[in-house]
Amino acid sequence: MKKKTFVLFSLLAIVSIFQACKNKTVETTWLQVQEVADRVWQISDNGDDNMYLVEGKDSSMLIDTGLGVADLASVVNQLTKKPLIVVNTHAHPDHSGANYQFEKIYIHPADLEDAKSYSKPRQMPAGAQQQTTIPEDELYKGTINDPVFVPLSDGQIFDLGGRRIEIIHAPGHSAGEICLLDKENKLLFTGDNTNALVWLWLPTCRPLSEYLVTLEKIEKRGSEYTTIFPGHNDPLPGDFIKEQIACVKGILDGSLEREQYEMGGGQAQFS
């Protein structure tokens with residue numbers, strides 16, 4: 001009886017350890033972490049933007065580096081010990097801000113030069129949604145890197161080991177915007193190409209006609225993903241891109257009403 005009890009206890013201990021490893025999380029005030037799919041963690045930058053850590057059998061990929069005002073590298077290191085690939089979906093400072101915490105960054109060449117200017121330590125930028133003070137122990141105190149930038153290309157594949165991530169060039173929000181497709185798991189990481197609200201009025205944005213081509217290109221592959229993980233706010237259903245296409249077409253043909261609003265230090269039209 002004692003032997004059976006010991007065996008049962010041992011099995012329960014193994015299961016508990018397995019579950020703890022599978023459901024890894026990190027508790028910090030600024031960077032909130034949750035597992036949103038199998039071996040995919042969303043790292044929220046205090047509610048302002050989303051980063052994603054995707055783990056394969058051999059290596060892991062960090063999609064975007066956020067505002068860069070907290071110790072992202074330490075959080076990532078607690079989640080995975082596997083070799084890390086760091087990718088920027090585009091150059092904007094809320095997606096490339098912590099590049100300086102890493103040695104190598106992959107980015108589309110159209111956004112590469114812009115990313116260099118943002119890849120340095122900085123204070124919370126004006127206009128960020130949250131102005132909460134970061135606890136001292138969550139500030140980055142490691143090496144300040146001058147990262148090497150490696151250009152990405154449309155269709156490029158990263159094999160993480162049992163998990164292949166495809167790069168899709170998606171000009172619109174910026175000239176070098178990319179989406180990342182995990183076809184086997186039907187996940188699409190979209191940066192700022194697909195959010196509930198997409199900014200297309202910034203100086204670095206591409207014309208609506210070009211953005212429409214991008215959306216239609218991604219929509220044609222709709223059978224390959226069911227969930228969209230955007231750069232801001234909550235996950236979206238895969239068919240949300242159809243709504244974006246309808247919206248852009250409505251703007252271009254003048255059939256949608258427009259409302260002026262001010263956001264991010266400039267004026268825009270809301271449709």
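Colleague: Does Phe229 count as buried or exposed, and at what relative accessibility?

Modeller: First, this is a predicted model, in which local features need pLDDT of at least 70 and side-chain atom pairs count only at pLDDT 80 or more, while totals for chains, interfaces and linings use all residues. Residues are numbered from 1 along each chain as its sequence is written, and side-chain values use heavy atoms, with hydrogens and water left out. Buried means under 20% relative accessible area, exposed over 50%, and partly exposed in between, with a 1.4 Å probe and protein chains only. Phe229, at 2% relative accessibility, counts as buried.

Colleague: How is a pair of aromatic rings described, and what are the values for Tyr52 and Phe229?

Modeller: A pair of aromatic rings is described by the distance of the centres and the angle of the planes. Rings of Phe, Tyr and Trp (its six-membered ring) pair if their centres lie within 6.5 Å, and planes under 30 degrees apart count as stacked, over 60 as edge-to-face and the rest as tilted. For Tyr52 and Phe229 the centres are 5.6 Å apart and the planes at 50°, so the pair is tilted. Tyr52 is also buried, with a relative accessible area of 2%, and ring pairs link Tyr52, Phe189 and Phe229 into a cluster.

Colleague: Which residues of H5 are buried?

Modeller: An α-helix has 3.6 residues a turn, so residues three or four places apart point the same way. In H5, the buried residues are Tyr211, Leu212, Thr214, Leu215 and Ile218. They cover an arc of only 160° around the axis (taken from the directions to the C-beta atoms), which puts them on the same side of H5.

How values were computed. Helices (H or I, at least four residues) and strands (E, at least two) are DSSP runs, numbered from the N terminus.
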